[in-house]
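Trainee: Please show me the model, and let us go through the terms used to describe it.

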Amino acid sequence: FGAAADSVVNWLWRQISAATAVSLGGPGFSTELAITAGIAVTVGVGLFVIQVIVSVVRHQPGGLVRAARGLLVAFVAGGAAIAVVNLLLAAVDDLSSGVVQMATGGNIEQLGSKLLAPSALTQVSNAAVTILLALVMVAASVVVWAALMVRKLLIVVAAIFAPIAFAGSLAEITTAWVRRWIETMVALVFSKLVLVIIFAIGLGVLGGGAGQSNQPGASGATQSLTQTVAGALILVMAGLSPWLAI
């Protein structure tokens with residue numbers, strides 16, 4: 001159990017940077033985006049007609065202005081959305097690297113090894129405690145990895161649905177589509193920064209020895225156990241970052 005936990009934690013810190021990398025592009029992405037763009041044209045035309053009819057029936061010239069503005073938003077902002085998201089992804093990656101650099105002077109792998117050292121279980125002599133801690137460490141690692149995978153997939157899915165979301169700007173009844181899409185995408189993109197900041201906060205707590213007892217009866221093994229559990233809890237908190245951001 002201890003060896004399995006060591007392997008999983010080591011694997012997580014080696015893969016975490018690659019797992020968080022997202023790039024919107026490629027033949028497959030372009031094909032799916034073209035499909036939703038075609039659907040968005042049909043939806044947009046219908047919404048535009050509805051907006052014009054409602055404005056004429058209600059004698060509201062402002063509704064016609066809204067429809068015209070919606071055309072601009074749907075075609076210009078909708079077309080530029082993917083490029084903007086790619087820029088935000090690159091900016092967040094740079095910011096995250098900067099946070100890690102300031103916190104550790106190194107990379108995310110070095111930060112992770114300080115939060116939850118793979119060799120932490122070697123100092124625990126009780127076999128039952130070792131098994132329980134190993135399970136906690138494996139579960140925490142899986143939570144972080146799954147959160148990063150979910151974030152990556154949700155960003156791709158949301159990006160593919162961008163044309164339909166921005167088509168909602170063509171009618172007053174669907175303008176909330178654009179706002180919700182932007183809020184969701186920004187939250188997903190910046191959730192990586194939230195995760196890294198939680199790691200940095202956890203490193204400050206663990207590295208600073210906050211909460212450690214200086215009583216004579218507190219053995220080194222007990223302190224090691226406490227730090228291991230705390231590191232695992234920090235991983236779980238970081239794994240919830242996409243949902244916290246949303």
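**Terms and values**

Trainee: Why is Thr174 called buried?

Mentor: Thr174 has 6% relative accessibility. Buried means under 20% relative accessible area, with over 50% exposed and partly exposed in between (1.4 Å probe, protein chains only). Thr174 therefore counts as buried. This is a predicted model, in which local features need pLDDT of at least 70 and side-chain atom pairs count only at pLDDT 80 or more, while totals for chains, interfaces and linings use all residues. Residues are numbered from 1 along each chain as its sequence is written, and side-chain values use heavy atoms, with hydrogens and water left out.

Trainee: What does Thr174 touch, not counting residues up to four places away in sequence?

Mentor: Thr174 touches Leu47, Gly168 and Ser169, where contact means heavy atoms within 4.5 Å.

Trainee: What makes helix 2 oblique to helix 5?

Mentor: The axes of helix 2 and helix 5 (residues 127-160) cross at roughly 45° and come within 9 Å. Angles under 35 degrees count as roughly parallel, over 145 as roughly antiparallel, 65 to 115 as roughly perpendicular and the rest as oblique. Helix 2 is therefore oblique to helix 5.

Trainee: Which residues of helix 2 and helix 5 meet?

Mentor: Phe29, Glu32, Leu33 and Thr36 of helix 2 meet Val156, Ala159 and Ile160 of helix 5. The residues of this contact comprise five nonpolar, one polar and one charged. Ala, Val, Leu, Ile, Met, Phe, Trp, Tyr, Cys and Pro count as nonpolar, Asp, Glu, Lys and Arg as charged, and the others, Gly among them, as polar.

Notes:
Axes fitted to C-alpha atoms, helices over the stretch in contact; angles between N-to-C directions. Helix = DSSP H or I, 4+ residues; strand = E, 2+ residues; numbered from the N terminus.
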